[in-house]
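Good morning, colleagues. I would ask you to look at the structure on the screen while I describe how its parts are arranged.

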Amino acid sequence: MSHKTLQKVALVTGANGGIGNALTLEFNRRGYKVYATDIIFTPQVEAEFKSKNITCLLMDVTSEEAVSKVSTQVAFENDREHDFLYCNAGRTEIGFTVDLTDEQIRSLYEINLFGNMRLVRHFVRPLINAKGTIAFSGSVTKDLPLIGNCLYASSKAALDEFSFVLHSELRNYGVKVIDVIGGYINTPIFNSGITEIKQGSVYDFPEFKALQNKRREKLKAVARTAMPPEVFACRVLNKIEKSDISTFRIYEGTKSGTIDF
């Protein structure tokens, strides 16, 4: 018996807030059957999604078991066809390169890189069946040596290369793979702020602390000019829908193209 509806099917990770939340609502406005996934949903977000017939599923992208369970459910409910996988879940870890711990490194890469690899592995066959699209939340910082941002930036650089190879491998199956290179977007990611200087660090001296305070003020100014996530989501999906199988990178968000250039 067929379970698939006539609607296109989209799954978004990291949907509880920020870009993921905006993308979920934008997919819904465009008539998709949407699966919103995250490790937790606030009551307010869950209520809004349910009122719009958006399915909320708890999924930790760092868990093989959790991703396998959700992918099996989505495949079953849609006759093993899946039109759009938007790999958005991610986080920042602010810290000077020489002060990072093994746990900080492992934790961030599990979400920002390995989680995306895991999602692709579990969802690829339904995406091939539908000749669908895989999009990743990339970042213009992948090429920027911003002080205190090496872990996040390096994870996005690795994700960009992973998605580039995936693009080459899946294009003959009719699957579009796109890395969305985001610029400044007004999301809670700005709350991470400027690197706190650890006691005993090589940067633990008054002159450098004063410099950090100036950077903190500049970051606040950047946040005020950043693109709203709902505008970002609409513009990104417009560009993806207009793209063809040869498109790999899409630039969106305040100053994304300018900074990359």
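Let me begin with two helices. Helix α1, residues 18-29, and helix α2, residues 43-51, have axes that come within 11 Å and cross at roughly 15°. Please bear in mind that this is a predicted model. Angles under 35 degrees count as roughly parallel, and α1 and α2 are therefore roughly parallel to each other. The crossing in which α1 passes α2 is left-handed. Which residues make the contact? On α1 they are N21, T24 and L25, and on α2 they are V45, E48 and F49. Sorted by class, this contact of α1 with α2 has three nonpolar residues, two polar residues and one charged residue.

I turn now to the sheet. Seven strands form an open sheet, in the order β3-β2-β1-β4-β5-β6-β7, and their pairing is parallel. Which strands stand at the edges? They are β3, residues 55-58, and β7, residues 249-252. Each has a single partner strand, so one side of each is left without a neighbour in the sheet. On average, and with direction ignored, neighbouring strands of this sheet are turned by 20° against each other.

Let us next consider strand β4, residues 84-87. As a general point, the side chains in a regular strand alternate between the two faces of the sheet. In β4, F84 and Y86 lie on one side, while L85 and C87 lie on the other.

The pairing of β4 can be followed in both directions along the strand order. With strand β1, residues 9-13, β4 pairs in the parallel sense over three bridges. In this pairing, V12 stands opposite Y86 in β4. With strand β5, residues 133-139, β4 pairs in the parallel sense over four bridges. Here F84 stands opposite T133 in β5.

How many bridges join strand β6, residues 176-182, to β7? There are four, and the two strands run parallel. Across this pair, V180 stands opposite I250 in β7.

Thank you for your attention.

Terms used. Residues numbered from 1 in each chain as written. Predicted model: local features only at pLDDT ≥ 70, side-chain atom pairs only at ≥ 80, totals over all residues. Heavy atoms only, no water. Axes fitted to C-alpha atoms, helices over the stretch in contact; angles between N-to-C directions. Parallel < 35°, antiparallel > 145°, perpendicular 65-115°, else oblique. Left-handed = near helix turned anticlockwise from the far one by under 90°. Contact = heavy atoms within 4.5 Å. Nonpolar A, V, L, I, M, F, W, Y, C, P; charged D, E, K, R; others polar. Buried < 20%, exposed > 50% of the residue type's maximum accessible area, 1.4 Å probe, protein only. Pairing = 2+ DSSP bridges.
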